[in-house]
Amino acid sequence: MTDITFTYFNCKGLGEVTRMIFKYAGIDFIDDRFSDEDWPKIKPNMPFGQTPILIVDGKTANQSTAIARYAAKKAKLIGSDDWENLEIDAIVDTINDFRTKIQLYAYEQDSVIKETRKGPLFQETIPFYLEKLEQIAEQNNGHLAAAKLTWADFFLAGVIDYLDHLVEMNLLENSPNLQKVVRNVITIQAVKAWIDVRPQTEA
Ligand SMILES: N[C@@H](CCC(=O)N[C@@H](CS)C(=O)NCC(=O)O)C(=O)O
C-alpha cells in the first residue's frame, strides 16, 4: 500500500484542497499538522523552507498546486483531454493570482501602505476577479472548467475559507454560481464527512 503523508500548518490555507481531494477519492493519508511554535524547527528540513509538502513512499515534493494536481490525477478529477486540462490549470492559476493580490494587502505590516492598497483591492481587484469567475461558473453550469466536476472546483472550495478570513468578508456572498461550485464540492458525501470531522480552524 502507498504510504502518503501530507504535512502542513494546522489550517486550511494552501493545504485544504489536497486534503479534500484525497478524502473525495478515499485515498488514505496521514494528515500531519504542526503548530506555529514548532515551525522554526521544521523549516530547515523543508525542500524550499516552506510547506505544504507531500511524502509518498519516502519521496518528498513541495508546491501546493503541484501536489493538488498530483492528488487530482489519482482522484480522476482532471480533464478528458489536453484542452480541458489547460482550462483547469488556467482557473487554478487565476485563483492563485487572486489569492496573491489579497495576501499583498492582508499581510502588509505597514498600516499606511496597507491603507493605500485597501481601496484598489476591495473596489477593483475583488469585483474584477469575482465577476469573471462568476461568469465562467455560470457558463459551466456550476463548475469552473470543462463543464464538469474537476479539481478546479476543489481548488476554489479548498481555499475560499482562507480568502474570506484574509479579507474578513464573505467573498462569494453575491456570486450565486460560485456558491454553487463550492456547494457542488462540499456536499459530496465523502467531502462532507471530512468537513464534519476535520480540525476546526479559522483560515
Ligand atoms: N508556492 C508555495 C508557497 C508555500 C507557502 O507560502 N507556504 C507558507 C504557508 S501557506 C509557509 O510555509 N510559510 C512559512 C515560511 O515561509 O516560513 C506553495 O504553493 O506551496
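**Close-up views of the predicted model**

**View 1. Residue D57 lies in the loop between β3 and β4.** The model is a predicted one, in which local features require pLDDT of at least 70 and side-chain atom pairs count only at pLDDT 80 or more, while totals for chains, interfaces and linings use all residues. Residues are numbered from 1 along each chain as its sequence is written, and side-chain values use heavy atoms, with hydrogens and water left out. Strands (DSSP runs of E, at least two residues) and helices (runs of H or I, at least four residues) are numbered from the N terminus. The phi of D57 is positive, near 45 degrees, although the residue is not glycine. Two residues separate the strands of this β3 and β4 hairpin. Strands β3 and β4 (residues 59-62) run antiparallel and are joined by four bridges, with I55 partnered by T60 of β4. Two strands are taken to pair if DSSP finds at least two bridges between them.

**View 2. A cis peptide bond links T51 to P52.** The omega angle of this bond is about 10 degrees. P52 belongs to the loop between α2 (39-42) and β3. As background to this view and the preceding one, most residues other than glycine have a negative phi, and most peptide bonds are trans.

**View 3. Four strands form an open sheet in the order β2-β1-β3-β4.** The pairing within this sheet is mixed. At the edges stand β2 (30-34) and β4, each of which pairs on one side only. From one strand to the next, the twist averages 20 degrees. Five bridges connect β1 with β2 in the parallel sense, and F6 stands opposite D31 of β2. Helix α1 packs on the sheet, where it touches β1, β2 and β3, and its direction makes about 150 degrees with that of β1. Contact here means heavy atoms within 4.5 Å; axes are lines fitted to C-alpha atoms (for helices, over the stretch in contact), and angles between N-to-C directions run from 0 to 180 degrees. On the other pairing of β1, four bridges join this strand to β3 (residues 53-56) in an antiparallel arrangement, and the partner of F6 in β3 is L54.

**View 4. Helices α1 (residues 16-25) and α3 pack with their axes 9 Å apart.** The angle between the two helices is about 10 degrees, which means that α1 is roughly parallel to α3. Angles under 35 degrees count as roughly parallel, over 145 as roughly antiparallel, 65 to 115 as roughly perpendicular, and the rest as oblique. From α1, the residues V17, T18, I21, F22, Y24 and A25 meet S64, I67, A68, A71, A72 and A75 of α3. By class, this contact comprises 10 nonpolar residues, two polar and no charged. Nonpolar denotes Ala, Val, Leu, Ile, Met, Phe, Trp, Tyr, Cys and Pro; charged denotes Asp, Glu, Lys and Arg; the others, Gly among them, are polar.

**View 5. The largest pocket has a volume of about 560 Å³.** Of the 22 residues that line this pocket, Y8, L14, Q50, T51 and P52 are the closest to its centre. At least two lining residues come from each of β1 (4-9), α3 (64-75) and α4 (82-106). The lining divides into 10 nonpolar, 10 polar and two charged residues. On a 1 Å grid over the protein atoms alone, a pocket is an open set of points with protein on both sides within 12 Å along at least five of seven lines, and a cavity is a set where a 1.4 Å probe fits but cannot get out; lining residues have an atom within 4 Å of a point. Grid points are joined across faces, edges and corners, and a volume is the space filled by probe spheres set on the points.

**View 6. The second largest pocket has a volume of about 160 Å³.** Its lining consists of P127, L130, E131, E134, M169, N170, L171, E173, N174 and S175. Four of these residues are nonpolar, three polar and three charged.

**View 7. The whole structure contains one cavity of 30 Å³ or more.** The volume of the largest cavity is about 60 Å³. The residues lining the largest cavity are G13, L14, V17, S64, N96, R99, F155, G158 and V159. Both α4 and α6 (151-167) supply at least two residues each, and α6 provides the largest share of the lining, three residues. The lining comprises four nonpolar residues, four polar and one charged.
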